[in-house]
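Q: Could you zoom in on one spot here and talk me through what surrounds it, cut-offs included? I'd like the numbers kept with the story.

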Amino acid sequence: LLALRRPCYIVRKRLSGTQLAAEGRVLRAVLYVYHSKLCRHRSYLAMQQVEQCLKRLWKMNLVGCIETLAKLVPNKDTSQAHTECLIPSQPMLETVALKVLGSCKLILRLLDCCCKAFLLSVKHLCSEEYILLNTLASGLLSRLWIQYRCALQHLMSLYGLLSASLQLVSETQQMPYIKGFTFPSDITNFLGVNVSSEMQQQKARMLTTRKTTSWLKKLFPAVPEAVSEMEKKRNFAAYRSAVKKLGVPCPTDIGQPVL
């Protein structure tokens with residue numbers, strides 16, 4: 001049971017972080033802005049499916065359940081000081097385990113929707129349709145995919161510890177709460193897919209999409225050749241002398257001067 005503390009903290013930090021909240025707000029704002037223009041657009045509809053998965057994940061209140069469980073797990077000091085201590089009950093562990101199973105299924109669906117929406121955005125980007133929206137969407141969806149992939153891995157490791165703890169607690173005192181459902185010992189069998197290979201396939205599909213080079217060259221011209229070291233030193237010396245003439249104290253770390 002003591003081993004549950006750290007995984008609970010990691011999952012809580014992953015799912016309630018500011019980054020995920022910011023990505024969700026950006027996605028909702030993009031869908032709101034483009035609703036009247038793209039209500040029948042395929043990439044827009046795919047992004048709506050991503051938003052639905054995020055809404056369902058938020059309504060599960062998984063973070064709140066994990067926080068409650070973390071408070072009930074005894075710490076090291078308590079276990080060493082007394083021979084007996086309070087531990088989470090079987091109904092509590094069953095509730096959290098069931099929510100973890102459901103959230104893993106939902107995140108798998110979310111990753112699949114992110115992958116499909118990303119491919120559609122790149123496809124329309126190649127056709128030079130809604131360049132601003134699809135550029136923003138491709139970056140946003142790839143970040144969501146990476147962050148929730150990491151969250152899924154932590155949730156799967158958390159379920160392994162929950163399953164072992166649930167077995168120990170149920171042997172101590174039988175208090176079954178969820179009836180008619182057998183908790184799987186291995187979460188991979190419950191999910192029905194090999195998660196690592198599935199994510200590798202999605203990653204390969206996202207990385208091997210057709211490159212958008214025709215309009216990108218117009219927007220971002222080729223970077224000029226690197227400036228020689230002597231030119232850099234000369235420009236830096238000229239910058240320092242100009243700063244001294246103006247009487248402005250020269251900062252210690254100014255980086256490369258802008259040509």
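A: Ser-163 sits in helix H8, residues 131-172 (helices are DSSP runs of H or I, at least four residues, numbered from the N terminus). Bear in mind that this is a predicted model, where local features need pLDDT of at least 70 and side-chain atom pairs pLDDT 80 or more, while totals for chains, interfaces and linings use all residues. Residues are numbered from 1 along each chain as its sequence is written, and side-chain values use heavy atoms, leaving out hydrogens and water.

Ser-163 counts as buried because its relative accessibility is 18% (buried is under 20% relative accessible area, exposed over 50%, partly exposed in between, with a 1.4 Å probe and protein chains only). Setting aside neighbours within four places in sequence, Ser-163 touches Pro-184 and Ser-185, contact being heavy atoms within 4.5 Å.

Asp-112 pairs with Arg-109 in a salt bridge, closest N and O atoms 3.9 Å apart (that's a Lys or Arg side-chain nitrogen within 4 Å of an Asp or Glu carboxyl oxygen). Both lie in helix H7, three residues apart, about one turn. Lys-116 also bridges to Asp-112, at 3.3 Å, and that H7 pair is four residues apart, again about one turn. Shared partners join Arg-109, Asp-112 and Lys-116 into one network. Arg-109 is partly exposed at 38%, and so is Lys-116 at 41%.

How values were computed
Helix = DSSP H or I, 4+ residues; strand = E, 2+ residues; numbered from the N terminus.
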